[in-house]
Amino acid sequence: MKLETLAIHAGRAPDTATGAVAPSPILSTTFARDAHGEYPHGHIYTRSSNPGRAALETLLAALEKGAAAAAFGSGSAASLAVFQALSPGDHVIAPDDVYHGTRTQLRELLARWGLSHSLVDLTDLDAVRAAVTPATKLIWAETPSNPLLKVSDIAGLSDIAHAAGAALAVDSTFATPVIQQPLALGADLVMHSTTKYLGGHSDVLGGAVIARDADSELFARVRDTQTKGGSVPSPFDCWLLQRSIATLPLRVRAQTANAQAIAEFLAAHRQVEVVHYPGLASHAGHTLASRQMRGGYGAMLSFQVRGGREAALAVAGRVEIFTRATSLGGVESLIEHRASVEGPHTTTPQNLLRMSVGLEHADDLIADLGQALAG
């Protein structure tokens with residue numbers, strides 16, 4: 001089935017008891033045994049399994065063409081579960097421009113646990129090969145990256161990881177399954193902050209890890225962290241996500257078309273120093289993105305304003321339709337001065353503004369940016 005059909009039907013069927021077409025959240029934390037002490041419906045306790053979470057995980061696996069999925073209470077919980085599936089003394093290679101929350105996990109939480117890491121330009125496969133050590137067990141990729149929208153070669157990274165006896169995990173939050181499917185390119189795991197495009201309405205927190213091989217030891221450990229560690233989404237959050245994913249392909253494609261138009265406008269503006277968007281021919285990763293992404297280049301972009309930090313902050317302060325807020329993937333367009341959000345350890349240029357492009361009319365968004373840049 002095509003993605004649009006899977007988004008609506010995978011993990012979802014009319015309720016056998018009532019015939020209800022729309023699923024309902026099962027809020028119960030515990031489930032009854034039969035007279036023999038068995039669980040006839042397969043569920044014991046919501047931390048270990050819940051009908052709504054099972055349906056959501058079936059849907060997520062189908063969207064990524066994976067074998068299994070584990071849903072989490074946040075994107076950070078999902079990424080942490082992957083790292084916790086490793087052992088003290090193991091080594092991780094991650095992007096030098098990795099999402100600051102992931103960088104913080106590696107630096108402040110996992111280093112104390114004995115997990116070492118190297119931050120490398122993952123767009124340079126030779127640099128990645130040089131960073132591999134006998135202790136390397138995981139390459140963590142993020143493509144397109146946050147917030148510089150760098151594009152990494154998933155198939156190339158997969159070859160390097162597997163040659164070293166390591167696994168490749170890809171944070172594909174920016175691209176979504178609509179635009180990119182890392183498992184088909186050789187990745188072992190794909191991670192999403194489902195808070196973002198899969199939720200799509202800025203009203204639910206969640207994360208997910210999808211596996212190419214449901215029986216792999218690595219994914220089994222991820223699942224252990226989910227259930228034994230208790231980092232699961234609530235039944236209502238699972239219901240919200242399943243409801244929202246039904247429109248995911250339509251939303252992402254419309255947002256992507258808006259982002260392409262905005263990127264082209266900004267690239268021609270005299271007050272803009274550079275635009276970071278893979279859909280522009282000037283982007284260093286455009287050719288690669290055209291090969292491993294499909295139907296567009298996503299709805300995230302960033303740009304650097306001439307005049308430095310204060311000029312960028314002034315532009316963000318003058319927008320009227322864009323909302324100045326963190327997060328991304330919702331129906332509303334957001335803008336933020338990313339370095340301010342990331343704090344003292346940021347490597348983001350001080351004149352950079354990151355945008356999550358929503359579903360407003362592209363002409364209105366372009367006019368808003370035009371007046372903000374004009375001052």
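**View A. Asp188 and its polar contact with His162**. In this predicted model, the side chains of Asp188 and His162 form a polar contact at 2.8 Å. A polar contact is a pair of N or O atoms within 3.5 Å; within protein, one must be able to donate a hydrogen and the other to accept it, and residues adjacent in sequence count only if both atoms are side-chain atoms. Asp188 sits in the loop between α7 (176-179) and β6 (189-192). Helices (H or I, at least four residues) and strands (E, at least two) are DSSP runs, numbered from the N terminus. Leaving aside residues up to four places away in sequence, Asp188 touches His162, Ala167, Leu168, Leu183, Ile210, Ala211 and Arg212, where contact means heavy atoms within 4.5 Å.

**View B. Strand β5 and its neighbours β4 and β6**. Five of the five residues of β5 (residues 167-171) are buried, that is, under 20% relative accessible area, with exposed being over 50% and partly exposed in between (1.4 Å probe, protein chains only). Ala167, Ala169 and Asp171 point one way from the strand, and Leu168 and Val170 point the other way. In a regular strand the side chains alternate between the two faces of the sheet. β5 runs parallel to β4 (residues 136-142), joined by five bridges; strands pair if DSSP finds at least two bridges between them. Leu168 is the bridge partner of Ile139. From β4 the chain passes through helix α6 (residues 154-163) to β5 in a right-handed β-α-β crossover; right-handed means that, with the strands pointing away from the viewer, the path from the first strand over the helix to the second runs clockwise. β5 and β6 are also parallel, with three bridges, and Asp171 has Met191 in β6 as its bridge partner.

**View C. The open sheet β8-β9-β12-β11-β10**. This sheet has five strands with mixed pairing. β8 (272-276) and β10 (323-324) are the edge strands, each with a single partner, so one side of each has no neighbour in the sheet. β8 pairs with β9 (residues 300-305) in the antiparallel sense over four bridges; Val274 has Gln304 in β9 as its bridge partner.

**View D. Helices α10 and α12 across the sheet strands**. α10 (residues 248-267) lies across β8, β9 and β12 (352-356), at about 15 degrees to β9. α12 (residues 308-318) lies across β9, β10, β11 (334-337) and β12, at about 125 degrees to β9. Axes are lines fitted to C-alpha atoms, for helices over the stretch in contact, and angles run from 0 to 180 degrees between N-to-C directions.

**Notes.** Residues are numbered from 1 along each chain as its sequence is written, and side-chain values use heavy atoms, without hydrogens or water. Local features need pLDDT of at least 70 and side-chain atom pairs count only at pLDDT 80 or more, while totals for chains, interfaces and linings use all residues.
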